[in-house]
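Dear colleague,

Please find the structure below, with its sequence. My notes on what was found in it follow directly after.

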Amino acid sequence: MDLLEKCRAYTRADEIRDAGLYPYYPSFQGPSEGGRAVLDGAEVCMLASSDYRALSTNVQVVGAAQDAIALYGTSAAGARLLSGNLDLHEELEADLAGFFGYEAALVFATGYMTNLGVVSCLAGDGDQVYLDEKAHASLVDGARLAKASGAAVREFGHVSPGDLARQLASAPTRSVLVVTDGLFPVEGHLAPVAELLAVCEEYGATLLVDDSHGVGVFGQGRGVIQHLGLEGRVPLMTLSFGTSLASQGGAVLADAKTIEFLRHTSRPQVFSTALSPADTAAAHAALREIRRRAGSEPDALAAAVHLRRALDAIGYDVAGDAGAHVSVRFSAEVTMLAAQRLLVDHGVFTTVLPPACEGFALMLTCTDAHTPDVLEAVIGVFAALRDDLLSHYRRAA
């Protein structure tokens, strides 16, 4: 069998298309604005955007991106190490470090690349990496690269500081990186960061928290670490700009010496074209807007609470109790896909869990743009379709 035979043998996507249930790669026309978007020429309520603070169409954010293109062009046209470093990157890094309470920050071209570049760079021969068993794919892949360099990689039970402590008690080295998401959007709950940190401090391990889904939403915009009162104690924090910062890219925050090491040795940083001027400026403008709004709770959180309670009252199997996400669980893939298609046909767009995830659920994501009118329209559709959506539905265990 040649290398590409596996590609020719792959039929799952076509099978879902033939059933009229294919939910992937939807083609939207224009931006998601006001909690709504246009899909295949029809307006839908958008419940699948990670733009939690609804800043991707904000006048200041859009204007900053446009101004950056006018001044710098469309590309940094080189890796930062050699020729693509812009004052825009350094100004954003300084503000990120100040806002989140770290000595320094380092911007990467994507959020995925951030985690890949940090974990694989910091852990190598003789080190150990412990991941929450439901950590984001970018953290898992970073650990895989670390393993290829000689690191030992293990998982601990999901949100289980006790299991982590049990494993670290018998670890052969204290050169250990512990990795977790700050907020797990699929499950809809926060990581027990304080307890994980206590375990790490007891055993001399280093904790990394990916707070991509907490930044902008919790802790006056500063994320889960601030929300839990742990500012200044978590050694490593990463975030994606593709959520509340309404842009592209990502960053790691740490002490100055760690950032200096990563700047010169992280391969995804050293060998990638720098984040574009427009994306850098947009992320910086969004950060300024989040700082300006720090005194008020995001509307996205209130919207998620309201939607979660309303769907539960109607009879849906709703998961999660934190963040801007609401998961509606189903017992089988076909019922999940059929429910998603039926909702789209009635003007409500949600996402399904990716094929690699456990379980079957529709993911509903709230943003600051989800006004009471939008939410009531969505709840009305779920109520009207209840019998159809639940006809082949049994509550997940």
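The side chains of Arg80 and Asn85 are joined by a polar contact of 2.8 Å (a pair of N or O atoms within 3.5 Å; within protein, one must be able to donate a hydrogen and the other to accept it, and residues adjacent in sequence count only if both atoms are side-chain atoms). The model is a predicted one, in which local features need pLDDT of at least 70 and side-chain atom pairs count only at pLDDT 80 or more, while totals for chains, interfaces and linings use all residues. Residues are numbered from 1 along each chain as its sequence is written, and side-chain values use heavy atoms, with hydrogens and water left out.

Arg80 lies in helix 4 (residues 80-84); helices (H or I, at least four residues) and strands (E, at least two) are DSSP runs, numbered from the N terminus. Its relative accessible area is 9%, so Arg80 is buried (under 20% relative accessible area; exposed is over 50%, partly exposed in between, with a 1.4 Å probe and protein chains only). Beyond its neighbours within four places in sequence, Arg80 is in contact with residues including Glu90, Glu93, Arg263 and Gln269, where contact means heavy atoms within 4.5 Å.

Two helix pairs deserve mention. Helix 6 (residues 111-122) and helix 7 (residues 137-148) pack at about 30 degrees with their axes 7 Å apart; axes are lines fitted to C-alpha atoms, for helices over the stretch in contact, and angles run from 0 to 180 degrees between N-to-C directions. Helix 6 is therefore roughly parallel to helix 7 (angles under 35 degrees; over 145 is roughly antiparallel, 65 to 115 roughly perpendicular and the rest oblique).

Helix 3 (residues 59-72) and helix 13 (residues 277-292) pack at an angle of about 145 degrees, their axes lying 8 Å apart. Helix 3 contributes Gln60, Val61, Ala64, Ala65, Ala68, Ile69 and Tyr72 to the contact, and helix 13 contributes Pro277, Ala278, Ala281, Ala282, Ala285 and Ala286.

In helix 8 (residues 161-169), the buried residues are Pro161, Asp163, Leu164, Ala165, Gln167 and Leu168. They pack against strand 4 (128-132), strand 5 (152-156), strand 6 (176-181) and helix 9 (193-203).

Finally, there are two backbone points. Val159, in the loop between strand 5 and helix 8, has a positive phi near 45 degrees although it is not glycine. Ala54, in the loop between strand 2 (42-46) and helix 3, has a positive phi near 55 degrees.

Yours sincerely
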